[in-house]
Amino acid sequence: MTEFVDVVIVGAGISGISAAWHLQDRCPGKSYVILERRENLGGTWDLFRYPGIRSDSDMFTLGFRFKPWTSEKAIADGPSIMAYLKETVTEYGIDKHIRYSHKVLGADWSDDEHQWTVRVQRDGQDVEIKSSFLFACSGYYNYDEGYLPKFEGYDDFEGTLIHPQHWPEDLDYQGKKIVVIGSGATAVTLVPALADSGAGHVTMLQRSPTYIGSLPDVDQFSVRMNKTLPEKAAYVINRWKSIAVQSGRYQFARRFPNAMRRILLKMAQQRLPEGYDVHTHFNPKYNPWDERLCLAPNGDLFRVIRKGKADVVTDTIERFTKTGIKLASGKELEADIIVTATGLNLQLFGGASISRNGETIELNSTMAYKGMMLTHMPNMAFTIGYTNASWTLKADLVSEFVCRLLDYMDAKGYDTVEPQHPGNKVDERPLMDFTPGYVLRALDYLPKAGHVPPWRLKQNYFFDLRLIRHGKVDDEALKFTKHRAPVKV
């Protein structure tokens, strides 16, 4: 017998936990399950186990709106975040709805039945679950494999090769020479963590620089609020202060990129040894926030460089050798361990196939409504967080809207809702207005966005408050279909 639930949530990370809490709070009559392919919750925070793993967003906004983050540390390490997530699901009974080791293989919408059939692999067997609504909360990258460019001579290296997405628990790097390839958030986190925990020397090898800012991991304003105000009041103030500061910095960077560039370069110069070539190693060709700005809590990356524990090399790789990496400049970097922090492979819906009446839906043929629903896909929503602020801010907004949508459909007797493609009235734009490699590599695969709301994503929380939290549900861009009686409240 095929099981039926009102809502299937895919993924038990931050987005899935947010979706579950909001459903329980706003749609208490709805049944739901969370299908999690891994053996633990947490998503990103369970997957990545490399040294120093931490947030690069403050926890007053990466934490949930409904669950105050009470630690003084605004920038938290991975284990602390995992503890917070586990506490959240237990406190609200969400853990009882999570089914681990359930991999979603595909989902098919039936126009005749007005419901989804979700194909799931569990314990080596394929099973089906039917649902009225599908909520994809599985993030946007491939959990099975990270991105690895083709390096000449890669197999010639006789030392240890590691991708951070698959960090071995028993790795001994004490006293070893380590080269970390990459300059994104993972590399910027790894280099000081390895240098401070016993590595012989760490080199960050980058093809081109990344903007790196420095902030204290403990926010003194938040400490004062926590000491002088009740817990909930302090959390609200700390959260809104963090939202305002994040948004203000981003808007300033986009409007005055040269000024922000000077600020970031000066910040680096003040923390690095006198005469350090900041222009070569920390001055990208692109403008701030064309790609995500990396964070060095308390200036940790600059500190280990200043102390001689680490250095930065800006060059291109000619080939791997038996003992390290030969660069285009002719220099060779010796290494015992090479870490390829070379990025992610982007993937929506955990790689599950999505179809309608048995016909596969090509994602690049769809357009995203409010960045969370797709044309041609009835009764379905997905969560992609902000690239310029905390993921959770967007996740909570999406969860709220889905609950408002479900309540509206019940009240009016609708059983299907589907965004209607605007056609030639709206110009197509990339789904993500963001240019890191993992996005550029996937542009042909991704859904499209539009040039005007509600098809346009602005990466602006205050804009989304109006568009998503306070925007009307009975939008002309949505087509509702009625096949049942309204639910009396």
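This is a predicted model: local features need pLDDT of at least 70, side-chain atom pairs count only at pLDDT 80 or more; totals for chains, interfaces and linings use all residues.

Colleague: Which residues make up domain 1 and domain 2?

Modeller: The domain assignment gives domain 2 as residues 148–342. Domain 1 is written as two stretches, and these are 3–143 + 345–481.

Colleague: How many residues of domain 2 are in contact with domain 1?

Modeller: The centres of the two domains, taken over C-alpha atoms, are 29 Å apart. At their interface, 42 residues of domain 1 touch domain 2, and the number on the domain 2 side is 38.

Colleague: How many salt bridges does the rule find across that interface?

Modeller: The rule looks for a side-chain nitrogen of Lys or Arg within 4 Å of a carboxyl oxygen of Asp or Glu. Across the interface of domain 1 and domain 2, the count is four.

Colleague: With which residue does Arg49 form a salt bridge?

Modeller: Look for the closest N and O atoms of the pair, which are 4.0 Å apart. The partner of Arg49 is Glu169.

Colleague: And helix 1 with helix 11: is their crossing left-handed or right-handed?

Modeller: Helix 1 covers residues 14–26 and helix 11 covers 391–412; their axes come within 9 Å and cross at roughly 35 degrees. Residues of helix 1 including Ile14, His22 and Arg26 meet residues of helix 11, among them Trp391, Cys403 and Asp407. By class, this contact has seven nonpolar, five polar and five charged residues. As for the crossing of helix 1 and helix 11, it is right-handed.

Conventions. Residues are numbered from 1 along each chain as its sequence is written. Side-chain values use heavy atoms; hydrogens and water are left out. Axes are lines fitted to C-alpha atoms, for helices over the stretch in contact, and angles run from 0 to 180 degrees between N-to-C directions. Helices (H or I, at least four residues) and strands (E, at least two) are DSSP runs, numbered from the N terminus. A crossing is left-handed if the near helix is turned anticlockwise from the far one by less than a right angle, and right-handed if clockwise. Contact means heavy atoms within 4.5 Å. Ala, Val, Leu, Ile, Met, Phe, Trp, Tyr, Cys and Pro count as nonpolar, Asp, Glu, Lys and Arg as charged, and the others, Gly among them, as polar. Domain bounds come from an automatic or database domain assignment.
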